Amino acid sequence: MPPSGATVTDGLVPTLPELVGLRALVQGRRGARHGRHGAHGPAASNLRGRGMEYAESREYAQGDDARHIDWRLTARSGRTHTKLFQAERERLTLVVADTAPSLYFGTRVRFKSVQAARAGALAAWLAARDGDRIAALRGSHREAPVPPASGPRGALRVLDALVRWYAQPPADDDGLLVALEHARRLLRPGSRLVLLADPSSIAAVPAERWLALAMHHELIVLLFVDPVETSPPSKRLPFRGTQGDRIELGLDTAPVRERWRQQFDIPLEATQAMLQRQGARVMALSTIDASDAWLSLLGRPHAGVATGAAR
């Protein structure tokens, strides 16, 4: 029997009322001043974005930056032209949702997929509070990204997508690499990218891709884990096999525990260290952690690795 006030779906699938209710967790938090690596500086700029948008092209003049030459217009006109840019007035927060089947699992409090939806919802509400535009996407060649929009309307669009994506594994999941390729088309310099991922999905992405993202954007990577993966009990655990047969894993023996560590702990530690080296802010968020634990990453002056605080 579920506890009073709970339903049989609590912790198994995310719900829209649940994600809407998380708005209260960001309302009382002090807004961070925008900067290359987080909060800094004596005053916040009136311009939300840290990137630049293309405004127009004009003929090249002595002293113009050669890196901004408009080569297409130059070729068409026969005269050298340069691009002019203006500051973006709204920063983009992009939530990239990994929908690998391994996320739809959990042994305590909630599924990893539900924790991912909750973390993504907090990113959306944070963007709405700070006046940023918010968008979201997953690795699919069939489903278009949730387009950027600001305010509660933009946040609610993202929340609706997270509920759909994390209710069950999508049949057309094409992987994290595809998701990041879609993200590349949406992002502008100075955007915030919040990645919701299973640790096992990170290996499919070349390390240099993370470096490129961290160089031009605020890159936050949240890795979702379950307690049985990181701290398995020292006893024999029963599992149901793929054919419906019952098997037992002897985690009460040292060799099996070491193989378990080789499967989960060591790859997780290596993934966190690699992402940190590439400039990302990283947190391993367990299903038993407070969903807003990752918000502590926002105030850090440099990229780093962290683990969530247990609730």
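Leaving aside neighbours within four places in sequence, Asp-198 is in contact (heavy atoms within 4.5 Å) with Asp-98, Ser-102, Leu-103, Lys-112 and Phe-224. The model is predicted, so local features need pLDDT of at least 70 and side-chain atom pairs count only at pLDDT 80 or more, while totals for chains, interfaces and linings use all residues. Residues are numbered from 1 along each chain as its sequence is written, and side-chain values use heavy atoms, with hydrogens and water left out.

Asp-198 belongs to the loop between strand S6 (192-197) and helix H7 (207-216); helices (H or I, at least four residues) and strands (E, at least two) are DSSP runs, numbered from the N terminus. With a relative accessible area of 4%, Asp-198 is buried. Here buried means under 20% relative accessible area, exposed means over 50%, and partly exposed lies in between, with a 1.4 Å probe and protein chains only. The side chain of Asp-198 also makes a polar contact of 2.6 Å with the side chain of Ser-200. Such a contact is a pair of N or O atoms within 3.5 Å; within protein, one must be able to donate a hydrogen and the other to accept it, and residues adjacent in sequence count only if both atoms are side-chain atoms.

**Strand S4 and its partners**

Strand S4 (residues 133-138) is largely enclosed by the rest of the structure, because five of its six residues are buried. Two strands pair if DSSP finds at least two bridges between them. Strand S3 (residues 92-97) runs parallel to S4, and six bridges join the two; in one of these pairings, Val-96 has Leu-137 of S4 as its bridge partner. Strand S5 (residues 146-150) pairs with S4 in the antiparallel sense over three bridges, and Ala-149 in S5 is the bridge partner of Ile-134. S3, helix H4 (residues 112-130) and S4 form a right-handed β-α-β unit. Right-handed means that, with the strands pointing away from the viewer, the path from the first strand over the helix to the second runs clockwise.

**Salt bridges**

A salt bridge is a side-chain nitrogen of Lys or Arg within 4 Å of a carboxyl oxygen of Asp or Glu. By this rule the count is 17. Three of the pairs are listed below.

| Pair | N to O distance |
|---|---|
| Arg-67 and Asp-65 | 2.7 Å |
| Arg-164 and Glu-143 | 3.1 Å |
| Arg-185 and Glu-181 | 4.0 Å |

The salt bridge between Arg-164 and Glu-143 ties together parts that are 21 residues apart in sequence, because Arg-164 lies in helix H5 (residues 151-165) and Glu-143 in the loop between S4 and S5. Arg-164 is partly exposed at 41% relative accessibility, and Glu-143 is partly exposed at 22%.

Arg-67 is exposed, with a relative accessible area of 72%, whereas Asp-65 is partly exposed at 29%. Arg-185 and Glu-181 both lie in helix H6 (residues 176-186), four residues apart, about one turn of the helix. A network of salt bridges links Arg-91, Asp-132, Arg-192, Glu-218 and Arg-281.

**The chain as a whole**

The protein chain has ten helices and eleven strands. Of its 311 residues, 45% are buried. Among contacts between residues at least 6 apart in sequence, 71% join residues at least 24 apart.
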